[in-house]
Amino acid sequence: MNLPNKLTVLRIFLIPVFIVVLTVPFKWGELNFGGATLPVTQLIAAIIFAGASLTDFADGQIARRDKLVTNFGKFADPLADKMLVMTAFIILVSMGKVPAWVAAIIICRELAVTGLRLIVVENDGEVIAAAMPGKIKTMTQMVSIIFLLLNNIFFAAIGVPLGEILLYICLFFTVYSGIDYFVNSKQIFADSFDK
């Protein structure tokens, strides 16, 4: 188990901590920022989520720099991202911060691409590494989640709902990168129709 893989596993273990902080009714009060309020639990959850997101950036950088890219890492890294992001979006829907239809599209795309990866592994024996549109998708998802958890407090004074803007940007890249994966793997399905 090399360092990048340990960081990926750490990201997975941070998910239940994130869930507990946001769903257990802790009475830690609220912070006030120029008239905007932020529950302390959301601040802590945003810090946990940001830390988990940084492990995603770090594990990839270290793996490429030190030539520690493994099939486990190529499989577990995007899976850990999906688990973290889907958990956050489901909780944000329950908090009324994300429309259910947006979360449904994001979750359906993530499940579809995961299924595609499994089919490709079964046919080619190779795990599909994340392409650039997928990396942009992951980054915009993670940043939008952080801003949504922070109630846009840093931008409330100027009336810019940055979390919501980033949410729809990440929705675009979620759909685009999903289509990109399927288009680039179309031969897998073409072979199925030929049989």
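This is a predicted model: local features need pLDDT of at least 70, side-chain atom pairs count only at pLDDT 80 or more; totals for chains, interfaces and linings use all residues.

Me: Why is Leu-167 called buried?

Reply: Buried means under 20% relative accessible area. Leu-167 has a value of 1%, so it is buried. This residue sits in helix α6, which covers residues 162–184.

Me: What is Leu-167 in contact with, leaving aside its neighbours within four places in sequence?

Reply: Its contacts are Phe-89, Val-98, Pro-99, Val-102, Ser-144 and Leu-148. Contact here means heavy atoms within 4.5 Å.

Me: Why is the pair of Phe-18 and Phe-49 called tilted?

Reply: By the rule for ring pairs, the count comes to five aromatic pairs. The centres of the Phe-18 and Phe-49 rings are 5.6 Å apart, and rings pair if their centres lie within 6.5 Å, so these two make a pair. Planes under 30 degrees apart count as stacked and over 60 as edge-to-face. The planes of Phe-18 and Phe-49 stand at 50 degrees, so the pair is tilted. The pair links distant parts of the chain, as Phe-18 is in helix α1 (residues 3–23) and Phe-49 in helix α2 (residues 40–65), 31 residues apart.

Me: How do you know whether Phe-18 and Phe-49 are buried or exposed?

Reply: The cut-off for buried is under 20%. Phe-18 has 1% relative accessibility, so it counts as buried. Phe-49 has 0%, so it counts as buried too.

Me: What lines the largest pocket?

Reply: The lining has 36 residues, and Asp-56, Gly-60, Arg-64, Asp-77 and Lys-135 lie nearest the centre of the pocket. The space in this pocket is about 820 Å³. Helix α2 gives the largest share of the lining, ten residues. By type, the lining residues divide into 16 nonpolar, nine polar and eleven charged.

Me: Where does UniProt place the feature "transmembrane region"?

Reply: The unreviewed UniProt entry puts it at residues 7–28 and 142–159. In this model, residues 7–28 are 77% helix and 0% strand, with their end C-alpha atoms 29 Å apart.

Conventions
Residues are numbered from 1 along each chain as its sequence is written. Side-chain values use heavy atoms; hydrogens and water are left out. Helices (H or I, at least four residues) and strands (E, at least two) are DSSP runs, numbered from the N terminus. Buried means under 20% relative accessible area, exposed over 50%, partly exposed in between (1.4 Å probe, protein chains only). UniProt positions are given in the numbering used here, feature names are shortened, and annotations may be inferred rather than shown by experiment. Rings of Phe, Tyr and Trp (its six-membered ring) pair if their centres lie within 6.5 Å; planes under 30 degrees apart count as stacked, over 60 as edge-to-face and the rest as tilted. On a 1 Å grid over the protein atoms alone, a cavity is a set of points where a 1.4 Å probe fits but cannot get out, and a pocket is an open set with protein on both sides within 12 Å along at least five of seven lines; lining residues have an atom within 4 Å of a point. Grid points are joined across faces, edges and corners, and a volume is the space filled by probe spheres set on the points. Ala, Val, Leu, Ile, Met, Phe, Trp, Tyr, Cys and Pro count as nonpolar, Asp, Glu, Lys and Arg as charged, and the others, Gly among them, as polar.
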